[in-house]
Amino acid sequence: MSDLLTEATRRQLTPRQAETVRRLTEAGIAEIRETGYEGLSIRDVARRAKVAAATAYTYFVSKDHLLSEIFWRRLQALPPVDATAAPKKRVVTVLRELALLVSEEPELAAGCTAALFGSEPDVRQLRLRIGTAIHQRIVTAAGGESQAAGLLELAYFGAMVQAGLGYNTYGHMADRLAQAAGQIMG
């Protein structure tokens, strides 16, 4: 069993299945860059990944599920929080990393924003995992559960809603989060 990998939402995967999921997520990124959220389809992603559509649907029930998985994988790929840095610097670094996770790819950012508000069970499960991972990164950066950590988390999610709605850019919100961290962390 040690050769099995875990998919975020449903099952353990053999190395071959994990490779198929990797190809699908990479194809999903390429496809959304070209078509945007509205034009994205699992069938087109499967075609790009050279996978049968039925196979793609066994891993991803919808484009929202696929995009949520892509965001989850990006989040999981972030480096660990630097425990040696000063608390304020740790917090600013973590908030910037989180805010800029998909900022360089506007179509992917818009798609992930829409997807993470989806109501499908697989999306809900990933959203819970994503929220828990973000909470843990912020708490770790802040030095533990505290009022400051709670305020930082609130500021982060508020900033991401503003960016996701198009009120501000992710880059601008990263700067604003750094200011908020300075105020909160003293």
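By buried I mean a residue with under 20% relative accessible area, by exposed one with over 50%, and by partly exposed anything in between, with a 1.4 Å probe and protein chains only. What we have here is a predicted model, in which local features need pLDDT of at least 70 and side-chain atom pairs count only at pLDDT 80 or more, while totals for chains, interfaces and linings use all residues. Residues are numbered from 1 along each chain as its sequence is written, and side-chain values use heavy atoms, with hydrogens and water left out.

Let me start with α2, residues 42-49, where helices are DSSP runs of H or I of at least four residues, numbered from the N terminus. Its buried residues are Ile-42, Val-45, Ala-46 and Ala-49, and seen down the axis of α2 they fall within an arc of 100°, so they line one face of the helix; the arc is that of the directions from the helix axis to the C-beta atoms. Turned away from that buried side, the other face carries the exposed Arg-43 and Arg-47. Just after α2, Lys-50 takes a positive phi of about 60°.

Now to α5 (residues 87-99) and α9 (residues 170-185), whose axes come within 9 Å and cross at roughly 155°, the axes being lines fitted to C-alpha atoms over the stretch in contact, and the angles running from 0 to 180 degrees between N-to-C directions. That makes α5 roughly antiparallel to α9, a term used for angles over 145 degrees.

Note on methods:
Helix = DSSP H or I, 4+ residues; strand = E, 2+ residues; numbered from the N terminus. Parallel < 35°, antiparallel > 145°, perpendicular 65-115°, else oblique.
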